[in-house]
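Let's take a look at how charged side chains pair up in a protein model. Have the structure open while you read.

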Amino acid sequence: MSPLVYYLFTLAFFVFAYCILGWGLNLQFGHGGILNFAYIGFVAIGAYVTGALSLGKPSGGQSYIFGFSLPFPVGLILGGLAACVFALLVSVLTFRRLRTDYLAMVLISLSLVLYDFINNFVPLFGGADGLTNVPEPFADALGLDTNTFVPFFAGVSLLVALLMWWVMSRITNSPFGRTLRASRDDDEATAALGKNVFKFRLISMLIGSFYAGVGGGLIVEFAGAFNTSAWLPGETFLIFAAVIVGGVGNNKGMILGALIVPVLFTQLPKFIPDIPGHPGLILNIAAMAIGVLLMLVLWFRPQGVIPEKKRLSKLPPLSERHRSTGAISAQLTTEETL
Amino acid sequence: MSELFLAIGFGLVVASVLALSAVGLSLQFGITNYINFAFGDFMAIGAYTSWTLNTGPLHVNIWVAMLIGGLLVGVMAVLLNRFLLAPFARRFQKLFYILIVTFGLSLVLLNLVSSIWGDEVQRYNISNQAPQHIGPFLFTVDQLVVIGIAIVAMLAIHFMLTRTRIGKSMRAMSDNSTLAMTSGINTGFITTLTWFLSGLLAGIGGTVLGITQASITPGSGETFLFVIFAAVIVGGVGSIYGAMVGAVIVGLATEVAALFIDPSYKLDIAFAILILALLFRPSGLFSRPGKA
Amino acid sequence: MTAPDLGGAPTAISVDSALSCVDIHKSFGGAKAVNGATFSVPKGSITALIGPNGAGKTTVVNILSGSLSSDSGRVMMGDTDITALPSYQRARLGLIRTFQLSRELGGLTVFENLMVAAKVQPGESLMNVYLRPGLVRQAEKESRERAASILEQYGLYDLRDNWARELSGGQKRLLEISRAVMAEPSLLLLDEPMAGVNPALIDRIGGHIHELKAAGVTVLMVEHNLGVVEKICDHVIVLAEGRTLATGLMSELRENTDVVRAYLGGVLDGRVDR
Ligand SMILES: Nc1ncnc2c1ncn2[C@@H]1O[C@H](COP(=O)(O)OP(=O)(O)OP(=O)(O)O)[C@@H](O)[C@H]1O
Ligand SMILES: [Mg+2]
């Protein structure tokens, strides 16, 4: 396979993975209004747990927990669930008490501590070295080599992404999603309508974290390795940027967001050769560009590049409505009173 | 026993660094009512500016370099507020817009720092000092200076807030900005001044963090951010005196805890304290009406 | 309750009250916003809660609805003590409120604003969304019909697919009230429903409040305009400095020189043409 095609499949994989990550964050942030600045922490938990479950017993100086050699997609699902459990702990501790910005403060602190802890505590997930040689799903069974695995797994990820898109669109189009968006717009007014806002936020946090975990799991299975350099706290911002660029509360726009932000700005620059004497400068510039891009989008198109689509009532015009019900409404001509 | 005193001594040093930064963060929060997630990167810019002055051809004395770094960050904070943050805060009612902007700003500044100064660990040019016994404690001269700077800064802020007209206006604005605006306080000027002070303290905090940790990296301010948040939340968000008390509690607790656990996890203790504070006193020790 | 009860002493709670509170206290920092308010709202009445600016009316409404917790005192709905219930549980019992400043759900359409308020929503449980889509669809269909006719009644039908944030001030008022109606209240707390709207709309909202009363809903409304109070309310509660100053019929309060001197005087002179 030509390097270009190989490379395109790699990019395609990242688009699918980041779509899943973006949908999860979009549920939490776009629909639920939760500023989860620790999102990448949940991605990492999914990645580590999936990786450690798929790997065999540690050997040759490696150290990590689990090591059960679980097959695809069991490790992936458990990774998602692990992120979910972690989200449950965090939410129960913080959701009832905190307004948006304090919650964001606690969450960002959480992701920094988690980072610090996983980096230092080697027996858990290998410390700073992380996990390596995570088996490539189906590679042995189907006799795939490095060249064929990439397109194959990109395809698998596409299927997973399609499934998760279907599940997510059912959620966001349901009355559940509607009430969640109501609580995003005004939690007090929503509570005054009889909605247990805490419950709605909690559920959106849990499902969003599951998406984070699964996205992380796919990344570790694709890349075969995962360590703390893959989830610097700034990565959370990338996903936020993807969600905002793609359109807050908009699942289809996410595809564009995933394409522009993580792929165009971070995967692509990895393949641009370093400027001699300035290692990493390209990546720094790309990161700054993302920050600036996001601010510009927020300023000029605060609803995102593709704004949230109106969910129309599909009710007939007033005149038709009365033809069908046979009632006559002479009493209400309203325009002049408003 | 002597180990405990050593830990308390170093805890006071950490508390001093924390107090400078936590008060800087709180001052600005009180006036603008949103958290600046780029504060850790303000600290990094201060730290690296003073590093360039201190180790570059100019060989500026570290304390002078610290002050210049602080002033520079203060000016930068004023400009960032004027041209970026204030316009966003004015335009969007929803809190999360401005929070995302400061979060994004932190990404930009972090990468700016690492593209200017690189990612290698740097050190200040300060002579190795033998620690001195002071009562049961053991301090280097630099550590004593850091504690001294924190005490002087805290006293200065206390006097400013209680004795000067500007300080009183600041408190009035922090309590009720609409009322303050209608009662003839020049809120624009106070806001600018507050950002300057916040940046100044961030810059100084960044340098003393680099001095006490004996290393500077682009991310060290950002990593320290959660310790600052812990101090601020324990003390009560937006309360200046709360931030001071929170700094002492968190500073001492992290260092004393290092006696009992692996020191590489000692900063994680700050997070444990933050969670405990949320569970038992969510509004902080010095809670303020309307800010909790 | 017929005789005006003066002096703000805690009154016995009448048996036929829909909502009552006893000795409510609330302070913000040092400032006392509510200082022993005690009153009851007769079942089926339209009761006005009046008082000068800063008297604590909104704070009382917040405490009654559960949006705010009081420092002390009890809130009763009929003969159930609801003091400890969070606001969403009170709302499920039929205690629905509106806000002094309209709180439209701006990122939803007008129609969705009403749909959110529907009481029976199996589709709010994801279990039902996946496993019992038929049930969800049926409930949605019924809510749609109800929402459509309420929108029509309140003159918002043509605006149904607009973002709620794009409405005018008066339209937002109507949306807020119609959304509350959608939630099937037995008891409605309206915080200044007519503030800042034009006279024609005031009449219209007054008409809607009467329709609600006719449908058996008890209404407690905060209102500054005594002309309006006199026209549509059958019962009045006067709040001053966080205390119940008097309760009774408007005509009785007007004859009470203490009340007039203490509070009504200024307002009556200023606001009502006699
Ligand atoms: N969240 C709050 N924090 C601090 N003080 C408050 C708060 N809410 C209300 N107050 C104060 O409590 C007092 C009563 O306020 P409240 O809004 O209940 O009055 P009101 O009778 O509704 O007035 P208005 O007619 O202006 O609506 C006022 O002095 C107000 O400043
Ligand atoms: Mg009011």
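Here is a short tour of some salt bridges.

## The big picture

Keep in mind that this is a predicted model. Side chains of opposite charge can pair when their charged atoms come close. Counting over all chains, you get 16 salt bridges here.

## A bridge from chain A to chain C

Start with A:Glu188 and C:Arg103, a salt bridge whose closest N and O atoms are 2.9 Å apart. A:Glu188 sits in helix 9 of chain A (residues 187-191), while C:Arg103 is in the loop between strand 6 (95-97) and helix 3 (110-117) of chain C, so this pair joins two chains.

How exposed are the two partners? A:Glu188 is partly exposed, at 29% relative accessibility, and C:Arg103 is partly exposed too, at 23%.

## A buried pair

Next up are A:Arg321 and C:Glu152, whose side chains meet in a salt bridge at 2.9 Å, N to O. This pair also crosses between chains, going from helix 14 of chain A (residues 318-325) to helix 5 of chain C (residues 133-153). Both A:Arg321 and C:Glu152 are buried.

## Staying inside chain B

Now find B:Lys266 and B:Glu255, a salt bridge with its closest N and O atoms 3.2 Å apart. The two residues are 11 residues apart and link distant parts of the chain: B:Lys266 belongs to helix 11 (residues 266-280) and B:Glu255 to helix 10 (residues 240-257).

Buried or partly exposed? B:Lys266 is partly exposed, with a relative accessible area of 22%, whereas B:Glu255 is buried, at 8%.

Terms used. Residues numbered from 1 in each chain as written. Chains lettered and ligands numbered in written order. Predicted model: local features only at pLDDT ≥ 70, side-chain atom pairs only at ≥ 80, totals over all residues. Heavy atoms only, no water. Salt bridge = Lys/Arg side-chain N within 4 Å of Asp/Glu carboxyl O. Helix = DSSP H or I, 4+ residues; strand = E, 2+ residues; numbered from the N terminus. Buried < 20%, exposed > 50% of the residue type's maximum accessible area, 1.4 Å probe, protein only.
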